[in-house]
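Me: Please go through the ligand site and the helix packing of this model with me, one point at a time.

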Amino acid sequence: MAFPNGFLWGGAFAANQVEGAFDAGGKGLSTADIFPRGDRKSGGVFYRTYKQILEASADKDDRKYPKRRGIDFYHRYKEDIALFAQMGFKALRFSFSWSRIFPQGDEETPNQEGLRFYRDMIDELKRYGITPIITLSHFEMPLHLVLKYNGWTDRRVIEYYLRYAKTMVDEFHDDIRYWITFNEIDATLHIPLIGAGMVIEKTEDPEKAKYQALHHQFVASSLLTKYVHQTYPDLKVGCMSTKNLKYPATCKPEDCMQWLYETQMDAACTDVQVFGEYPYVWKKMWEEKGNGPLISEEDRRVMKENTVDFVSFSYYASLVTSAEGSQKEKTSANLLVGEKNPYLKQTPWGWQIDPVGLRFSLNQMYDRYKLPMFVAENGLGTLDVLENGTVNDEYRIDYLRSHIGEMKKAIDDGVPVFGYTYWGCIDCISASTSEMSKRYGFIYVDQDDEGNGTLKRYPKKSFDWYRKVIASNGEDLR
Ligand code: BG6
């Protein structure tokens, strides 16, 4: 079986990694604007103390904080969208910057200039017939909400998010069918400042506070889903989590038991948004550790009655787990660290490349959720060299060929996948390390880690390869 007609081939990125213009058009500072650069050896920068956040917010030097400048998509979106159209994109998954619309987060009315920017950008996408797929909150929130409320730990943030999200849905419901309420909602548990605007030192019990912040996001997501379903019944709302695929190290029953437990824990966020209730593994953990969130009866009802229409996820790499994990060699995979798999190669950032894992994940998740599936992120972040005006990125083509091939097998297995948006379709600032040199794109952007460069765009070899894939609706993977 081939890919279904109307399959949404395209690319993805987040506002804070591409737009730049961090203080233009009335935008307020966001959590993304306060992270300095990490690197491949020392890893991502995920934590900041309250003092560091205050210092960064008073610091006007945008060189120190790469996401403030992004790749200047804010001023170059027409050129970039024209390049996506040349590749034949059917869809672009991107996020709105919350602090471009509500600069502080708790004001009553939106910033019209921010709305105008997205209106113009969406009109440009429409001109080329590219379907926008929106993420309302992708690793950033107005910094004021962090400083005043400690982010999502405070229940009042539900109201502010809903004000922002409803503003966007009301404004763009005619043009946008697919809405994702939160990017990688599970990130709150791993990187709480990025995922939930939560400063650890400002909480009494960090573990409890993380679950509380997550609970508030689940409630907000359900309340928005309710609003969308009641007001615009044709629109679809989806959840989005990191697919942290793991394999058991051996067939030893203890290893398989450990694998089962971690797999259930990793599925929990999507479980909540699809089934409308918390899984027993979390309830049991909260009971034992006493770190469960406060949940009202009304919250339970709202969550149960307003579940999502589709399931989306990011998938980059897989890991291994075992009962004696602590003694094994470790590597990272997006938000997690786990054991290495001797059968897989890895990127320079240690992410293990596992195309079969995409087929595995699609089957595993569809088997559990029985909802339409969307691959919101997948991609290869690595070092590229620009030579003679292009990048000979055969390695990226290999990555794509094998992953798209496995996705096709999953569709043949019977999984209803309706779209695939390759992550970082144009080189952008890395979420974890804020590096520019961790490149994913089909389009090279001339900018280095220090922010030097012309910002000129150069199609890589993969650009033409992906164009052929889209033109043949996934048939031509040569
Ligand atoms: C996902 C995020 O976790 O992974 C993206 O949703 C991110 O924002 C992507 O960019 C790749 O991670 P990184 O750290 O390589 O940019």
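**Ligand site and helix packing**

Me: How many residues surround the ligand?
Reply: This is a predicted model. The residues closest to the ligand are Glu184, Ala431, Ser432, Lys438 and Tyr440. The number of residues that surround the ligand is 15.

Me: How far is a polar side-chain atom of tyrosine 440 from an oxygen atom of the ligand?
Reply: Tyr440 is among the residues closest to the ligand. Its side chain places a polar atom by a ligand oxygen, at 2.5 Å.

Me: Which histidine has a side-chain N or O atom 2.8 Å from an oxygen atom of the ligand?
Reply: For tyrosine 316, a polar side-chain atom lies 3.5 Å from a ligand oxygen. The 2.8 Å pair, between a ligand oxygen and a side-chain N or O atom, belongs to histidine 138.

Me: Are helix 10 and helix 11 roughly parallel or roughly antiparallel?
Reply: Helix 10 covers residues 206-231 and helix 11 covers residues 253-275. Their axes are 10 Å apart, at an angle of about 30°. Angles under 35 degrees count as roughly parallel. Helix 10 and helix 11 are therefore roughly parallel.

Me: How many nonpolar residues does the contact of helix 7 with helix 10 have?
Reply: Helix 7, residues 156-172, crosses helix 10 at roughly 35°, and the axes come within 10 Å. From helix 7, Ile158, Tyr161, Leu162, Ala165, Lys166, Val169 and Asp170 meet His216, Val219, Ala220, Leu223, Leu224, Tyr227 and Val228 of helix 10. Besides one polar and two charged residues, the contact has nonpolar residues numbering 11.

Me: Is the crossing of helix 7 and helix 10 left-handed or right-handed?
Reply: Helix 10 also crosses helix 11, and that crossing is right-handed. For helix 7 and helix 10, the crossing is right-handed.

Me: How many charged residues does the contact of helix 15 with helix 16 have?
Reply: The axes of helix 15 (residues 394-413) and helix 16 (residues 461-471) come within 8 Å and cross at roughly 25°. Glu394, Arg396, Ile397, Leu400, Arg401 and Ile404 of helix 15 meet Lys461, Ser462, Trp465, Tyr466 and Val469 of helix 16. Next to six nonpolar residues and one polar residue, the charged residues number four.

How values were computed. Residues are numbered from 1 along each chain as its sequence is written. This is a predicted model: local features need pLDDT of at least 70, side-chain atom pairs count only at pLDDT 80 or more; totals for chains, interfaces and linings use all residues. Side-chain values use heavy atoms; hydrogens and water are left out. Axes are lines fitted to C-alpha atoms, for helices over the stretch in contact, and angles run from 0 to 180 degrees between N-to-C directions. Helices (H or I, at least four residues) and strands (E, at least two) are DSSP runs, numbered from the N terminus. Angles under 35 degrees count as roughly parallel, over 145 as roughly antiparallel, 65 to 115 as roughly perpendicular and the rest as oblique. A crossing is left-handed if the near helix is turned anticlockwise from the far one by less than a right angle, and right-handed if clockwise. A residue is near a molecule or strand if one of its heavy atoms lies within 4 Å of it. A polar contact is a pair of N or O atoms within 3.5 Å; within protein, one must be able to donate a hydrogen and the other to accept it, and residues adjacent in sequence count only if both atoms are side-chain atoms. Contact means heavy atoms within 4.5 Å. Ala, Val, Leu, Ile, Met, Phe, Trp, Tyr, Cys and Pro count as nonpolar, Asp, Glu, Lys and Arg as charged, and the others, Gly among them, as polar.
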